[in-house]
Amino acid sequence: MSMAAPSESSNAGLGLQQRRPHALGERFISILLMTAAALSVVTTFAIVLSLAGDTVAFFREVSVIEYLTGTLWTPLFSNPRFGIWPLITATFMTSAIAMLVAVPFGLAIAVYLSEFASLRARSLIKPLLEVLAGIPTVVYGYFALTAVTPFLRGFIPEIKSFNSLSAGLVMGVMIIPIVASLTEDAFNAVPRGLREGAYGLGAMRHEVALRVVFPAALSGVAAALLLALSRAVGETMIVALAAGQNPTFTLDPLVPVSTMTAYIVQVSLGDTPYGSIGYKTIFAVGATLFIITFAINFGSTLIVRRFRERYD
Amino acid sequence: MPVLINVTQKERETEPISEEMGVVDRANVVLETQRLSVFYGNFKAIHDVNLSFQKNKITALIGPSGCGKSTLLRALNRMNELVPSARAEGAVLYRGHNLYAPNVDPVEVRRRIGMVFQKPNPFPKSIYENIAFGLRINGWKGSKAEMDDIVERSLRRAALWDEVKDKLKQLGTSLSGGQQQRLCIARAIAVEPEVILMDEPCSALDPIATLKIEELMIELVKQYTIIIVTHNMQQAARVSDYTAMMMMRPDRSGEVIEFDTTETIFTKPKDKRTEDYVSGRFG
Amino acid sequence: MATSEIRRNFAPAEDMSFDAIQGSRRLKGMLLVAFSILALAVGVGMVLTLLIDVLVRGLPWLDWQFLTSFDSRFPERAGILAAMVGTALTIVITVIVSLPVGIMSAIYLEEYARDNWFTRLIEINIANLAAVPSIIYGLLGLAVFVRFFGLNRSILAGGLTLALLVLPIIIVVSREAIRSVPNGIRQAAYGIGATQWQTVWHQVLPVALPGILTGNILAASRAIGETAPLVTLGALTFIPFLPKDLLDRFTVLPIVIFNWSSKPQREFHDVAAAAIIVLLGILLLINLLAIVLRQRLRKQF
Ligand SMILES: Nc1ncnc2c1ncn2[C@@H]1O[C@H](COP(=O)(O)OP(=O)(O)OP(=O)(O)O)[C@@H](O)[C@H]1O
Ligand SMILES: [Mg+2]
C-alpha cells in the first residue's frame, strides 16, 4: 500500500505515527478485557463438563432406559432403583401450582402497571415488587413450612406436614414479581401508535389493554412465562423445606414428594463420599435439570427472536 | 481498519476539483481529500470527494440533509472509525501526509484536527477539568500554574472567560447551551489543534448564542483553520471564505457538486442545483 | 355495509351528549383493575404476614447471646456467630472476584466488542448463564473448585462459586449503566485525541459508576441470600467454630436458617425466625446503602 503523495516516509516529522508505549498499553488492555468477557464462555463449558463427567460415570452403572422410564427412585437403598419420574412429577407439580398462582396475578399486575397505573402508583409498586423479589428463597421456604402448611391444615385436615401444595403456592408468590416485571417489559415493547390508534377509536383502557396490547405482546408474554417456569423448575429451597424429600410417584398435592432440586440437597446434606453412586446421582439429576431448564430457556429465546422479526 | 486504495499515477491525473477551478492557493492548503469515499457497510455515503482546505480560512460544507456532510467531516479526523461498519477509501492529506496511511495513529490525528459537535457535549466535570483533560491525556506535564494559565487562555480565546472565571469548579454541564458550546470550543483549542471541525455547532443554540459563536469563529480563524457544516445559509454566507456544495447522487451517496469562494457560490453559482439550494428553493 | 346501516348502530347524530360510557363496558375495566389490586394485595399481604410472623416468633430470641454464640443442639444456646462470619467472608471473596471480572466484561462488550460471532457467542452465553438454576452452580463448584482445584468444601470454594453465579447479573447491570452514558461524552473525548482506554477510564466509567455500583450491591445481596449452591457444594450446617483461614470449612446464614427450619422442634423454628430477622436486616441495610450511594453519586445531567 502506498500513496503517490510524499507521505509515508516522512510523516515521522509530523509525529502522526503511533506512540509506541500507549499503543502497546491499549492493546494489552483490550486483550485483558476480552479475556474477562470470555470467562463466561469458560463457565458454560465448565458447567457442561462437570455435569457430563459424573453423569457418564453414572450411566456406566445404571441403564439409561431404567433412568428415563422407571417410576421408583431409591438410589440409596440396599436394593437401589433409579427411575427419575418421581422427581420429575414432583418438580412439575410444584412448578404448575406456582404458575397457577403467578401467571394470573403477575399478568394482572403487569397490565395494571403498563396501562393503568399513574406515575405515583408505579413509583410505589415497582420498589414493592423489587422487595418481594429480593427476599431469599430460604425465607419463603421457612414460611411455607412453618406458617402456610399449618394454615392450610385448617381447611384441609388431611394435608401432610410436607406437601407440594404449600410449597407451590409460596413459590407462586415468590415468582409473581418475575412474571410481572418480565411481562411488563413485553407490554412496554408494544408501539405507542397501536395504543393511540385504539384510543382514537374510542376504546377504553381495559379494552386497549386486553384487545390491543395483550395480543400484540403475546409472544413476549409467552417468552416471559417460560423464563418464570424455568425459575420455578430450578427453585430449590422452598421445595426442599416444604415439599419434603420422599420420592413418591404421585400427583397428589397433599403428600410429601421430592423434586429434582430437593433430592440434590438431600444427598448433599448427607455424607456421600466422592465416587459413590449416590454422589453420581446428583450429577445425573443435575444434568437432567440443566437440560430441562435449558430447553425451556431456549424455547423462550426462540419466541423472543420471532417476536422481534414481527416488529421490524 | 480503513482501507486505502492505491492511487495510481493514472488516477492522479484526474485533478482534484479545487485545483481544477483554481480557487485555492495551493501553497496554503492544510488539509486535502483525494478521491475520498466513505462506506457504512455496503452503503457508500460519500463518493470520490476531492477538496482542499486553506489555512486560516473557514470552509463551509452545505447541502441537503443526508448528503454526507457529517460523514465527510468526520472522515477528516478519522472520527468515522468509531462507527464499526464505517470504512474509508482514498486519502486525506494533512500537510501532504496521508492520514489513512497504516502507521498513522487516529488518536494523534484527532489531537491535531479537533472537533466541535452539533449538541454541546461538555464532560460532566468541572469547567476547569473540561479543559485540562485534553492536555493531561496528551501527556502534558507542567505545573499547576501553567495549567491555570492555559485554561484561562483557552477560555479567553473562546470568549467565555468573563462569564465563568468565578465558577471554574462548577460542572461544565451546568452552563447554558451557548456557554456549553463555547466551553467545547475552548476544550478543543486547549490542545492546540491546527484544524477545527465543526458539525452544525449552532443548531442547538438561540440566535444570540449563535451570533457569539460566529464572532468567535471569525476571531479564531486567524490562528486556526476551520471547516464547518451548516444548514444555515446566512451563516455560511456570513462566516465562511469557501463553500463546498454537496448533493446526493441517484445511488444516495453524496458528492461535492461545486466548490468555490463563498461569494461565488452565493452570487453566481455554476450549478443550477447550487443556485436552487442557496436561494432556498430546494431541500 | 352501507353507511346508513352502520350509523344506525350508534347514537343519532343530533345526540350531542358526551355522557359517560355504558355501565357494563365500564364495569369490565373496573373488574380488571380490582383484580390487579387484589393480586398486589395477595403478594404484599403474604410477605407482610411473613414479616410479622417472623418478627413475633424471632424477636424474643434475638439478643446479644444469639449473635455471639456458635450453633448448639439446644435452641436456647444456639447462635449465629459462625454463620455471620461465614457469610461475610464468602461475600467478600465473591465481590472481589466477580466485580472486576464483571465490570471488565461489561466494558469489553459495550465499548470494545465488534459485532462478530465471538461477541454474539459471549452475549448468548451470558443470557443463558443468567437463567441456569443456582443449584447447578453448586454442582459446578463441587466438581471444579472443591474437587478439581482441591479447595475442599471451603470458604474460598464457596465464594468463587457464588462469584460465577452473580457474574451474569453484574455484567448485565454494568452494561446497562455504561450504555446509558451519553455518546456525546465519548465523541468529545475522542475528538480531542483521547485513546479508547483514556475515554473509558476518565469519562465513561465515572459517569457509569453510580449505576454500576448500585447494580453490583444488589447482585451481592442476591449472593448473600443464596442457599442452594452452597448446600450442594457441601458447606456444613453445623459449625461450632470460627474459620482459621479461607480454606477452612464454613457455614452461612441462609444455611443455618435452612437447618433450623427443617428440625422438628418448634423452638428451632423460632430461632430460625431470629436468624431470618438478622438476614433480612442485613439485606435491608445493603439496599439502603445502594439507594444512598446512588443518590450521592448521581451526576447532574
Ligand atoms: N452510523 C451510520 N451507519 C450507517 N449509515 C449512516 C451512519 N451515519 C450516517 N449514515 C448514512 O450516511 C448518509 C450520510 O449521512 P450524514 O450524517 O453524513 O448526512 P448529513 O449530510 O450530515 O445529514 P444532516 O444534514 O441531516 O446532518 C445518510 O444516508 C445516513 O443514513
Ligand atoms: Mg450531519
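The model is a predicted one.

Let's start in chain A. Thr137(A) sits in helix 5, which covers residues 137-153. Its relative accessible area comes to 16%, and since buried means under 20%, Thr137(A) counts as buried. Who does Thr137(A) touch, leaving aside its neighbours within four places in sequence? The contacts are Met174(A), Glu235(A), Met237(A) and Ile238(A).

Over in chain B, Arg182(B) belongs to helix 8, residues 177-190. Arg182(B) has a relative accessibility of 4%, so this arginine is buried. Once the neighbours within four places in sequence are set aside, Arg182(B) is in contact with Ala158(B), Ala159(B), Leu160(B) and Glu163(B), and also with Lys212(B), Ile213(B) and Leu216(B). As for Asn232(B), 50 residues separate it from Arg182(B) in sequence, and the C-alpha to C-alpha distance between the two is 19 Å.

For packed helices in general, the description rests on the angle between the axes and the distance between the axes. Here is how the two pairs come out:

| Helix pair | Angle between axes | Distance between axes |
|---|---|---|
| Helix 5 (residues 117-130) and helix 7 (residues 155-179) of chain C | about 125° | 9 Å |
| Helix 9 (residues 196-225) and helix 12 (residues 266-297) of chain C | roughly 175° | within 9 Å |

Take helix 5 and helix 7 of chain C, with their angle of about 125°. That makes helix 5 of chain C oblique to helix 7 of chain C. The crossing of helix 5 past helix 7 in chain C is left-handed. On the helix 5 side, the residues that meet helix 7 of chain C are Glu123(C), Ile126(C), Leu129(C) and Ala130(C); their partners in helix 7 are Pro168(C), Ile171(C), Val172(C) and Arg175(C). By type, the residues of this contact are six nonpolar, no polar and two charged.

How are helix 9 and helix 12 of chain C oriented to each other? With a crossing angle of roughly 175°, they are roughly antiparallel. Helix 9 of chain C brings Pro210(C), Leu213(C), Thr214(C), Ile217(C), Leu218(C), Ser221(C) and Ile224(C) to the contact. From helix 12 of chain C, the residues that meet them include Leu279(C), Ile282(C), Ile286(C), Asn287(C), Ala290(C), Arg294(C) and Leu297(C). The contact of helix 9 with helix 12 in chain C divides into 13 nonpolar, three polar and one charged residue.

Key
Residues numbered from 1 in each chain as written. Chains lettered and ligands numbered in written order. Predicted model: local features only at pLDDT ≥ 70, side-chain atom pairs only at ≥ 80, totals over all residues. Heavy atoms only, no water. Helix = DSSP H or I, 4+ residues; strand = E, 2+ residues; numbered from the N terminus. Buried < 20%, exposed > 50% of the residue type's maximum accessible area, 1.4 Å probe, protein only. Contact = heavy atoms within 4.5 Å. Axes fitted to C-alpha atoms, helices over the stretch in contact; angles between N-to-C directions. Parallel < 35°, antiparallel > 145°, perpendicular 65-115°, else oblique. Left-handed = near helix turned anticlockwise from the far one by under 90°. Nonpolar A, V, L, I, M, F, W, Y, C, P; charged D, E, K, R; others polar.
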